[in-house]
Amino acid sequence: MIIMQTDATREQIARVIKEIKQYGLKADVSKGAYRTVIGLVGDESKVDFAHFATLPGVKGAMMVETPYKLINREYDKLSETGEQRFVVKVGNIEIGGDEPIYMAGPCAVESKEQLVRIAEGVKKAGAHILRGGIFKPRTSVHSFQGLGAGGQEEAREALDWLRDAGNRLEMPVVTEIRGETQVDLVAEYVDLLQIGARNMYDQDLLTKVAKTGKPILYKRHFGAGIEEFLSFTEYIAAEGNKNIILCERGVLPVGKGKSYTRYTLDLSAVPAIQKETYLPVMVDPSHAAGRRDLIFSMSCAAIAAGACGLMIEVHYNPAEALVDGQQMITPDELKDTIDACNRVHSAIGPRRNED
Ligand code: PEP
Ligand code: MN
């Protein structure tokens with residue numbers, strides 16, 4: 001990491017970048033309000049940091065050992081951005097700002113009518129962003145895999161419905177990309193690209209999605225530690241894309257026999273991650289709990305823990321949903337949940353976990 005002097009010139013910064021590239025590394029340039037900090041991306045073992053420290057305009061140069069440095073809160077602080085807050089813009093919605101953001105919609109898009117009816121319901125309930133799965137990660141090959149599994153044309157048709165519903169209701173839209181072959185197609189249609197829990201470890205997918213430059217909703221794997229989650233997040237940032245929203249969605253539950261929740265919502269991950277990185281952190285109570293009767297309380301608890309928003313699965317008639325009906329709530333229940341979460345948020349105040 002190279003810390004420039006506050007009065008470093010453009011030429012001096014350019015020289016540092018050029019020398020970094022001569023090592024075959026990439027330079028991540030972070031321009032703060034007062035100074036520029038340059039992160040080295042790649043294997044730093046052969047870099048002569050003492051040499052960099054002597055270059056004109058350089059205040060200091062050092063090797064940073066943490067496996068995630070580009071997304072590190074300390075890195076952001078070094079550039080002295082002051083009160084400027086890191087927010088991810090998705091369409092006209094700011095995630096990580098002062099207000100909680102709610103993403104809602106069906107687990108899977110099943111038909112145009114189903115999607116439109118749910119979209120209208122979640123909009124009325126106060127949601128900001130519309131979700132809907134088109135390529136579904138499923139445990140069994142015999143279950144409904146999402147309309148995208150029907151082929152390119154079916155995928156386009158479903159993506160069109162999502163895009164149209166979003167445009168009409170003025171809601172940005174999000175859907176999951178499950179594999180590299182889906183990236184270009186999905187990026188044509190949606191505002192926010194979701195990488196699901198099962199794909200948290202797929203480096204090639206992370207890199208390819210990052211290269212689209214679009215904002216990314218990145219979910220923690222149910223068996224991943226926080227350091228692992230943040231280390232893999234760095235693969236996205238290393239492509240120059242820091243429009244990343246992290247999402248806690250539950251870790252594997254312990255204990256044998258009857259399980260009372262689908263996963264265990266790790267709410268301590270929210271403040272723990274926020275202390276490490278400036279990236280916004282949200283929570284998905286739906287997949288974590290796997291039960292609709294727990295969504296209200298887990299949502300309130302997530303906002304109390306400092307989450308910048310929630311992703312919640314919704315259906316007007318959960319019993320008829322092809323996927324995850326047991327954890328879906330109705331638009332009316334979503335409205336109750338959002339209203340309560342907003343009250344919790346007002347009571348707690350924003351930006352609690354950042355120092
Ligand atoms: C989803 O959000 O549709 C989903 C499958 O979630 P996860 O990747 O967290 O299981
Ligand atoms: Mn689901």
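Predicted model: local features only at pLDDT ≥ 70, side-chain atom pairs only at ≥ 80, totals over all residues.

Residues are numbered from 1 along each chain as its sequence is written, chains are lettered from A and ligands numbered from 1 in the order in which they are written, and side-chain values use heavy atoms, with hydrogens and water left out.

**Domains**

- The chain is divided into domain 1 (2-63) and domain 2 (88-348), with bounds that come from an automatic or database domain assignment.
- The centres of domain 1 and domain 2, taken over C-alpha atoms, are separated by 37 Å.

**Ligand site**

- Around ligand 1 are Arg131, Lys136, Pro137, Glu176, Gln194, Gly196, Ala197, Arg198, Lys219, Arg249 and His287, where a residue is counted if one of its heavy atoms lies within 4 Å of the ligand.
- This shell divides into 2 nonpolar, 3 polar and 6 charged residues; Ala, Val, Leu, Ile, Met, Phe, Trp, Tyr, Cys and Pro count as nonpolar, Asp, Glu, Lys and Arg as charged, and the others, Gly among them, as polar.
- Oxygen atoms of ligand 1 lie 2.8 Å from a polar side-chain atom of Arg131, 2.9 Å from an N or O atom in the side chain of Gln194, and 2.8 Å from a polar backbone atom of Ala197.
- Of the 290 Å² of accessible area that ligand 1 has on its own, the protein covers 96%, with areas taken from the Shrake-Rupley method with a 1.4 Å probe.

**Aromatic pairs**

- The whole structure holds 6 aromatic pairs, a pair being rings of Phe, Tyr or Trp (its six-membered ring) with centres within 6.5 Å, called stacked if the planes are under 30 degrees apart, edge-to-face if over 60 and tilted for the rest.
- The rings of Tyr218 and Phe229 have centres 5.3 Å apart and planes at 40°, so this pair is tilted.
- Because Tyr218 lies in strand E11 (residues 216-219) and Phe229 in helix H8 (residues 226-237), the pair ties together parts that are 11 residues apart in sequence; helices (H or I, at least four residues) and strands (E, at least two) are DSSP runs, numbered from the N terminus.
- Both Tyr218 and Phe229 are buried, where buried means under 20% relative accessible area, exposed over 50% and partly exposed in between (1.4 Å probe, protein chains only).
- One aromatic cluster is formed by Tyr201, Phe232 and Tyr235.

**Buried strand residues**

- Val173, found in strand E9 (residues 173-176), is buried, with a relative accessible area of 0%.
- The C-alpha atoms of Val173 and Gly105 are separated by 9.7 Å, although these residues are 68 residues apart along the chain.
- Asp28, in strand E2 (residues 26-31), is buried at a relative accessible area of 8%, and its side chain makes a polar contact with the side chain of Lys242 at 2.8 Å; a polar contact is a pair of N or O atoms within 3.5 Å, and within protein one must be able to donate a hydrogen and the other to accept it, while residues adjacent in sequence count only if both atoms are side-chain atoms.

**Positive phi in loops**

- Most residues other than glycine have a negative phi.
- Glu170 has a positive phi near 55°, is placed in the loop between helix H5 (152-169) and E9, and is exposed, with a relative accessible area of 63%.
- Asp324 has a positive phi near 60° and lies in the loop between strand E14 (309-313) and helix H12 (331-348), but Asp324 is buried, with a relative accessible area of 11%.
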